[in-house]
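Subject: Structure for your review

Dear colleague,

Please find below the structure that I am handing over to you. I would be grateful if you could look through it alongside the notes that come after it.

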Amino acid sequence: MIIYGVALLAVCTLAGVIVGDFLGVLLGVKSNVGGVGIAMILLICARLYMQRKGGMSKECEFGVGFWGAMYIPVVVAMAAQQNVVTALHGGPVALLAAIGAVLVCGLTIALISRSHRGEPLPALEAPTPETAQVAPAGGR
């Protein structure tokens, strides 16, 4: 059921917040350190583990996919806004670090895309009637 996907997301979020708060205490910072990222990594790992063990139904996977897709943009937007406000109040060092991180990421992506000379991926084949999945009536 889709509710199991939501429950999995909630458990991972709660665990991420707890670990992020614990890291904040360890580092002497009065905030959550990486809790959202930890939660998403836990969600990805839990989903992959459950898929390999056969414990995730299609409905559960739809729930995880839907709420994961809704969760990421909202949290990233909130974190980006908070980071920009903090950086503006933190002075030029924080702004230089942010600009430097963006430049390093951009250069790394350019380097990887220019250095990869592999063969292109094969073309996708149209699904056959045997491999096509038909949704059951009623959406359940």
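The notes below describe what was found in this predicted model.

Overall architecture. The protein has four helices and zero strands, arranged along the sequence in the pattern α-α-α-α. Of its 140 residues, 16% count as buried. Among contacts with a separation of 6 or more, 56% join residues 24 or more positions apart. The protein exposes about 11100 Å², and 73% of this area is supplied by carbon and sulfur atoms.

Nonpolar core. The largest nonpolar core consists of nine residues: Leu 8, Leu 9, Cys 12, Met 40, Leu 43, Ala 46, Met 56, Cys 60 and Val 64. At least two residues of this core come from each of α1 (2-27), α2 (35-53) and α3 (58-90).

Cysteines. The count of disulfides is zero. Cys 12, a member of the core, is buried because its relative accessibility is 6%, under the 20% limit. The closest cysteine sulfur to that of Cys 12 belongs to Cys 45 and lies 8.8 Å away, which is too far for a bond, since a disulfide requires the sulfur atoms to be within 2.5 Å. Cys 105 is partly exposed, with a relative accessible area of 48%.

Surface. A nonpolar patch on the surface is formed by Val 19, Phe 22, Leu 23, Leu 26, Leu 27 and Val 29, which together have about 550 Å² of accessible area. Leu 26 of this patch lies in helix α1 and is exposed, its relative accessible area being 56%.

With kind regards

Notes: Residues are numbered from 1 along each chain as its sequence is written. This is a predicted model: local features need pLDDT of at least 70, side-chain atom pairs count only at pLDDT 80 or more; totals for chains, interfaces and linings use all residues. Side-chain values use heavy atoms; hydrogens and water are left out. A nonpolar core is a set of buried Ala, Val, Leu, Ile, Met, Phe, Trp, Tyr and Cys residues joined through side-chain atoms within 4.5 Å. Buried means under 20% relative accessible area, exposed over 50%, partly exposed in between (1.4 Å probe, protein chains only). Patches are made of residues with over 30% relative accessible area and no salt bridge: like charges are joined within 9 Å, nonpolar side chains (Val, Leu, Ile, Met, Phe, Trp, Tyr) within 5 Å. Accessible areas come from the Shrake-Rupley method with a 1.4 Å probe; for residues, only the protein chains shown count as cover. A salt bridge is a side-chain nitrogen of Lys or Arg within 4 Å of a carboxyl oxygen of Asp or Glu. Contact means heavy atoms within 4.5 Å.
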